[in-house]
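Hello,

Here is the structure I promised to pass on. Please open it next to this email; my notes follow below.

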Amino acid sequence: MFKTGVRNAEAVGLRVSSLDFTLNRVVIKEVLARTVNGTHAAARVRKETKNGKIRVLPFTDDLKGLLAPLLVGKLADDLVFTSISGKPIDDRMFQRRIFSVVLKGLNLPHRVLYACRHTFGSRCIEAGINPVMTAFLMGNNPETALRNYTHQLNIPNSLPEI
C-alpha cells in the first residue's frame, strides 16, 4: 500500500490476474468492499473501484520481489492477499493484529492503515510528480491531490522574473 497508494478495499480485492510481471504493472479495476454487515470475508462484495475508473500502476523492483512469492500456486482469479485460512483479509483485523503491532514495535505513533495511501500521495508530490499525475495514480481527481498531498511542497527561495 505504501508503494502503490491503493485503497484498503482495492488491496483486499486484488486478484492475481491484475498483476502483470511481463509489463511490470498492476491494474486496479475492482474492489472487495465492506458492507453494512461488516469487514469480514462473508460480508464483503466485489464491485468496481470507488470512482468506477480503471488505473494502471507501475511495479518497482522491490514491489515485484515482494509480490512474486505470494502468487506461487495461485490461479488467476485467486486473491493476492489472504488470511491464514485463505479468505479475504479483514482490513480492520489486519490493522489491529498486524499493522498496529508493527508500528508499536518500531516505536511509531498509532495511525490507521489508510495512512499508507496518504504517505504514497505525499511522497509522489515530494518526488516531483505533479498533482494531476499523482491524482491519476491514486484514482482521485486533481483537486483531491492538491488538497490532501501538497503540504510537502518546498517553497522556492525566489520567484521567476516575468
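**Cysteines**

C124 counts as buried, with a relative accessibility of 6%. Please keep in mind throughout that this is a predicted model. C116 is buried as well, at 2% relative accessibility. Do not look for a bridge at either residue. The number of disulfides comes to zero. A disulfide would need the two sulfurs within 2.5 Å.

**Confidence**

The mean pLDDT of the protein is 90. Of its residues, 98% reach 70 or more. Which element has the lowest mean pLDDT, and which the highest? The lowest belongs to helix α6, residues 142-149, with 82. The highest belongs to β1, with 95.

β2 covers residues 25-28 and pairs with β1 over two bridges, in the antiparallel sense. If you want a point to look at, take L19: its bridge partner in β2 is V26.

**Two asparagines with positive phi**

Most residues other than glycine have a negative phi. Two asparagines are worth a look here. N24 has a positive phi of about 55° and is not a glycine. N24 sits in the loop between β1 and β2. N24 is partly exposed, with 30% relative accessible area.

N107 also has a positive phi, of about 55°, again without being a glycine. The loop that holds N107 runs between α3 (91-105) and α4 (115-126). Is N107 buried or exposed? N107 counts as exposed, at 72% relative accessibility.

**Cavity**

One cavity of 30 Å³ or more turns up. The volume of the largest cavity is about 40 Å³. Its lining consists of E10, G13, L14, R15, S18, V27, I28, K29 and E30. By class, that lining has four charged, three nonpolar and two polar residues.

**Largest pocket**

How much space lies in the largest pocket? About 790 Å³. The pocket is lined by 33 residues, and those closest to its centre are M1, F2, L66, F81 and F94. Which elements give two or more residues to this lining? They are α1 (8-12), β2, α2 (61-67), α3 and α4. α3 gives the largest share, six residues. By class, the lining of this pocket has 25 nonpolar, four polar and four charged residues.

**In short**

When you go through the model, I would take these points in turn. C116 and C124 are both buried, and the disulfide count is zero. The largest pocket has about 790 Å³ of space, and the largest cavity about 40 Å³.

Best wishes

Note on methods:
Residues are numbered from 1 along each chain as its sequence is written. This is a predicted model: local features need pLDDT of at least 70, side-chain atom pairs count only at pLDDT 80 or more; totals for chains, interfaces and linings use all residues. Side-chain values use heavy atoms; hydrogens and water are left out. Buried means under 20% relative accessible area, exposed over 50%, partly exposed in between (1.4 Å probe, protein chains only). Two strands pair if DSSP finds at least two bridges between them. Helices (H or I, at least four residues) and strands (E, at least two) are DSSP runs, numbered from the N terminus. pLDDT is the predictor's confidence in each residue, from 0 to 100. On a 1 Å grid over the protein atoms alone, a cavity is a set of points where a 1.4 Å probe fits but cannot get out, and a pocket is an open set with protein on both sides within 12 Å along at least five of seven lines; lining residues have an atom within 4 Å of a point. Grid points are joined across faces, edges and corners, and a volume is the space filled by probe spheres set on the points. Ala, Val, Leu, Ile, Met, Phe, Trp, Tyr, Cys and Pro count as nonpolar, Asp, Glu, Lys and Arg as charged, and the others, Gly among them, as polar.
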